[in-house]
Amino acid sequence: MSSIVLNALRRKALCRFRTFIVQPRPTVLVSREFRENGGLGNSYVGQRKHMREEFSLLEATHHDADRFGTLLPQVDEPETPDEGDLREEEFLQKRTLQRQRFSVRQYADMIKDHLTNNRIQEAIGVVEVVMKNDRVKPSNYHFNLLIGGCSRVGYSKKAFQLYNKMKQHGLKVTGGTYTSLFNACAMSPFPADGLKRSNQLREVMLETGYDPNATNYNAMIKAYGRCGDLKTAFQLVDEMMSRQLPIATDTFNFLLQACISDHEHGFRHALLVWHRMHRMQVTPNRYSFNLLLRCVRDCHMGPIETMEECIEQILSNSIESPGSEMITRSEKSTMDDTLDNKVAEPMAIQTNIIKRLQSEGVPDLLSPNPHLGNLVKLAEVRKPEDRLLLLGGFAKVLSEMVKCGVEPDIRTMTELLDVIPPTYVAEKHILTMIKQLKLRCDIDFFNILIKKRSMRFDYECAKDVLHMIEAANLEPDIVTYGVLALGCQTQDEARSLLKMMHEVDVRVNIQILGAMLRQGCARRNFRYITEILNIVKRERLMPNEQFLRHLEEFTKVCEKQDREYDSKPNKKDREEFKTEYNRYRIHLEAWREHKGLHGLALNQALGIVRSHPWAQFKEPQAAGYEEVKNPKLRHKKKKLHYIQKIDLDAISNGEEKNNAETKKRLIS
């Protein structure tokens, strides 16, 4: 009843209001003299005019007395919307309900998922976009995850930007943050920039009074070592000793990484670091041996005189009783001689060294009791296999691993394969050892084997490795075809390899074509090179730096030969060379124009084809993640995986059965 009475009162009030608006006002008669004299006439007329304009803006949308209706102002909309209204509308559209917001752990899981799948841009977007739109403040845990992810891929610039944002938010910088930042400097593709950032970060640690722990020191040693500042890397180890921090195998491994960065003197540094481990009674692990073998492959030993002094110091220190010092005076003098050009000649215990050299036979600078044996000339040590011989050879490295309680893996055998003599006998010895150790080969080992045989022009044996890959139940990858391309000396061989790739649905890349181009340039086969250029154009590939350098060097060789033919018109094969060279030059100019490199010098062309190493992290992945948040999935529990009891006998029987079937298939 109350609602009925209320509606009746509303209708009555509305009728009275409409009567007041619609009914005409009574006319007021005013004399002309009164209006002309300016009495109340002008004021009243202006008031009436204002009332008419005001009521004309209102319109009764409904004339039914039983309906209230609306009175709308007839005002034009503004041409430009108000900025405040736009911001409010945007806020309301993007506002996330409290029940739909993720927890701190869920945001962290999103970041981890992106980093696991190498989606760097999407992982950064969780903090910079998603959490910002959700009005959720990130914690230092989120920033540490992102900084760690950027550091692992060498994205040092973004890692330090996140570090600065972390400080702007007033979040606590932890020891893990510093470790990740130094790791970003170590993995940076720009060593000079990484060294600069490392120095700045180290100053920040000193200013804030942060006391680094052993993990921080290891990260600093890795950063300075990989960026080329070996002196600071070794000084940090001395600083660790002064602070009585534990120096474990990992610290020496980072020092070995620092030695690898010095391609001119790294082998000598590695020997000094290795024997420091022996004196401090630190047992090397498998990674230590792999790093030492990498240093044997990539690094030289520097000047002969300095290397001789280094060996004398190693031998003299091994004869003395082992001390607890990190670095002896004799080693310190050699390190300063290498890094600061300071020469020192330790002359102690020369007689004992001579006696040892006379009594021993094969060189051995790997064991705790090193010797040179009957080595005649140190100047003959130039190649990786020669440096391996100084360590005692292939067998000595494996025996030393056994003494240290380290089992070699396939990565160790791959490193050894890279430094053994380039002969079939040495490779067979490696394969026999792998069989004895019952190691399972991976595709990387076979790729190195193909490359080693191709580099010594043993292309038939390189192709035989494909049968080994098949027998090992492996499949060739893109690197396999790349090293096989090193053996494509003719167009027919190149076409055969490309056909093989097409059959297994593997797309050719510029690296494979560059390897074929290298062979074509070495053979001076113009038609082979022209076909490679056509493939690059057809496949819409962009040449890389090595590809352009091959073309530039081949062009210089052709120009030199062309000038020789011009000076000797009667020389044999002149006309054939001129014809082929002119045809190739015309085709090359058309190809360069198609690639946008026409008329550019080599440095200018390299600037165009080079891609920035961080460009890949600024572009989101094409697919792989659904950005729309689903509240129903938030409460989904993680599946629990239980490790069930494994029947080892059944597995071994199954493996024997598979091996028997494989052998039977190969024999047939």
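## Terms and basis of the model

Helices (H or I, at least four residues) are DSSP runs, numbered from the N terminus. Axes are lines fitted to C-alpha atoms, for helices over the stretch in contact, and angles run from 0 to 180 degrees between N-to-C directions.

The model is predicted: local features need pLDDT of at least 70, side-chain atom pairs count only at pLDDT 80 or more, and totals for chains, interfaces and linings use all residues. Residues are numbered from 1 along each chain as its sequence is written, and side-chain values use heavy atoms, with hydrogens and water left out.

## The pair α12 and α13

Helix α12 spans residues 230-242 and helix α13 spans residues 249-260; their axes come within 10 Å and cross at roughly 165°. Helix α12 is therefore roughly antiparallel to α13 (angles over 145 degrees).

On the α12 side, the contact (heavy atoms within 4.5 Å) is made by Leu230, Ala233, Phe234, Val237 and Met240, and on the α13 side by Thr251, Leu255, Ala258 and Cys259. By class, this contact has eight nonpolar residues, one polar residue and no charged residues. Here Ala, Val, Leu, Ile, Met, Phe, Trp, Tyr, Cys and Pro count as nonpolar, Asp, Glu, Lys and Arg as charged, and the others, Gly among them, as polar.

## Two residues with positive phi

Most residues other than glycine have a negative phi. Arg135, not a glycine, has a positive phi of about 60°. Arg135 lies in the loop between α6 (120-133) and α7 (140-152). With a relative accessible area of 46%, Arg135 is partly exposed (from 20% to 50%, with a 1.4 Å probe and protein chains only).

Asn473 also has a positive phi, near 60°, and is found in the loop between α24 (459-471) and α25 (478-484). Asn473 has a relative accessible area of 52% and is exposed (over 50%).

How values were computed:
Angles under 35 degrees count as roughly parallel, over 145 as roughly antiparallel, 65 to 115 as roughly perpendicular and the rest as oblique.
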